[in-house]
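Load the model in your viewer and keep the selection panel open. The stops below go element by element.

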Amino acid sequence: MAGTLYGVGIGPGDPELMTLKAVRILKESDIIGIPAKDKVSCTAYKIALEAVNEIGEKPVIAVPVPMTTDGNKLKAAYDEGCEKIASELEKGNNVAFLNLGDPVVYGTYMKIHKGVTDMGYNAEIVSGVPSFCATAAVIGIPLGQGNEEIHILPGYYNADEIEKYKGTTVLMKSAGKIDKVRKKLIDMEKSNNVKAYAVTNCGMEGQMIYRNIEELREDAGYFTTIVVKEKNKIQKK
């Protein structure tokens with residue numbers, strides 16, 4: 001009987017935010033899949049290892065995904081990764097593939113999920129705490145209340161269009177556009193009824209909380225989540 005692939009959301013960075021189900025799946029799985037070239041360079045693996053020491057003794061399937069928009073290169077990387085995983089599933093091994101945050105929110109895992117299920121194998125998704133939920137909790141503000149809208153935008157959004165969204169706007173994976181976005185948000189705070197916050201490395205070593213968006217550094221990094229709220233909707237805990 002073929003094994004099962006699990007896409008395991010391990011949360012935003014704090015090992016204590018991993019779910020009981022995620023911990024159980026990691027303990028029970030035969031092999032760990034990672035979205036990196038090796039364990040040393042994989043942030044998700046380091047976080048999971050703190051919560052589940054047992055994975056340090058398990059074999060690893062590395063699926064390095066290049067940071068590129070080249071569709072052919074990405075397809076080749078995912079196809080190769082799916083073949084590696086399918087080979088282990090065929091042997092009856094269960095594979096737990098790690099994904100920061102929640103797999104269904106811009107997760108690397110989802111392309112692997114589709115590829116493996118298209119090949120006829122069973123795969124399941126284990127939800128994790130999304131980074132924007134943990135970010136709002138760290139700041140101490142609600143993402144949404146009552147009929148307030150919540151908008152989640154990826155890192156390749158157009159910074160000039162941020163102000164068209166009402167309620168709460170979350171900007172994820174802002175690396176490479178931090179300075180442009182910061183300047184836009186400063187202008188918005190001056191001319192609109194909004195307040196912007198940011199958290200870098202939420203729950204991880206080196207976590208930084210920015211309650212004043214002017215202080216957000218240009219080199220804040222890939223794991224930076226920005227929350228923009230209408231001022232009259234802010235209710236701190």
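Select α5 (131–139). This helix gives the most to the lining of the largest pocket, with three residues. Helices (H or I, at least four residues) and strands (E, at least two) here are DSSP runs, numbered from the N terminus. The model is predicted: local features need pLDDT of at least 70, side-chain atom pairs count only at pLDDT 80 or more, and totals for chains, interfaces and linings use all residues. Residues are numbered from 1 along each chain as its sequence is written, and side-chain values use heavy atoms, with hydrogens and water left out.

Stay with the pocket. It holds about 1400 Å³ of space. A pocket is an open set of points on a 1 Å grid over the protein atoms alone, where a 1.4 Å probe fits, with protein on both sides within 12 Å along at least five of seven lines; lining residues have an atom within 4 Å of a point. Grid points are joined across faces, edges and corners, and the volume is the space filled by probe spheres set on the points. In total, 44 residues line the largest pocket. Show Met67, Tyr106, Thr108, Lys173 and Tyr222, which lie nearest its centre. Then colour α2, α3 (71–90), α4, α5 and β10 (224–230), the elements that give two or more residues to this lining.

Next, the aromatic pairs. How many does a search of the whole structure find? Two. Rings of Phe, Tyr and Trp (its six-membered ring) pair if their centres lie within 6.5 Å; planes under 30 degrees apart count as stacked, over 60 as edge-to-face and the rest as tilted. Pick Phe97 and Tyr109: this pair is tilted, at 6.0 Å centre to centre and 35° between the planes. Phe97 sits in strand β4 (residues 95–99) and Tyr109 in helix α4 (residues 109–118), so the pair links parts of the chain 12 residues apart. Both residues are buried, meaning under 20% relative accessible area, with exposed over 50% and partly exposed in between (1.4 Å probe, protein chains only). Now pick Tyr222 and Phe223. Their ring centres are 5.1 Å apart and their planes at 80°, so this pair is edge-to-face. Tyr222 is partly exposed at 36% relative accessible area, and Phe223 is partly exposed at 28%.

Go back to α4. Tyr109, Ile112, His113 and Val116 are its buried residues. The face turned away carries exposed Lys111, Lys114 and Asp118. β1, α3, β4 and β5 are among what covers the buried residues. After α4 comes Gly120, with a positive phi near 100°.

Select α1 (residues 20–28), where Ala22, Val23, Ile25 and Leu26 are buried. Down this axis the arc is 165°, so the buried residues of α1 line one face. They pack against β1 (4–9), β2 (31–34), α2 (43–51), β4 and β5 (122–126). Exposed Leu20 and Glu28 are on the face turned away.

Last stop: Lys184, in helix α6 (residues 178–191). Is this lysine buried or exposed? Buried, with a relative accessible area of 18%. Leaving aside neighbours within four places in sequence, Lys184 is in contact (heavy atoms within 4.5 Å) with Ala159, Asp160, Ile162 and Glu163.

Key
The arc is that of the directions from the helix axis to the C-beta atoms.
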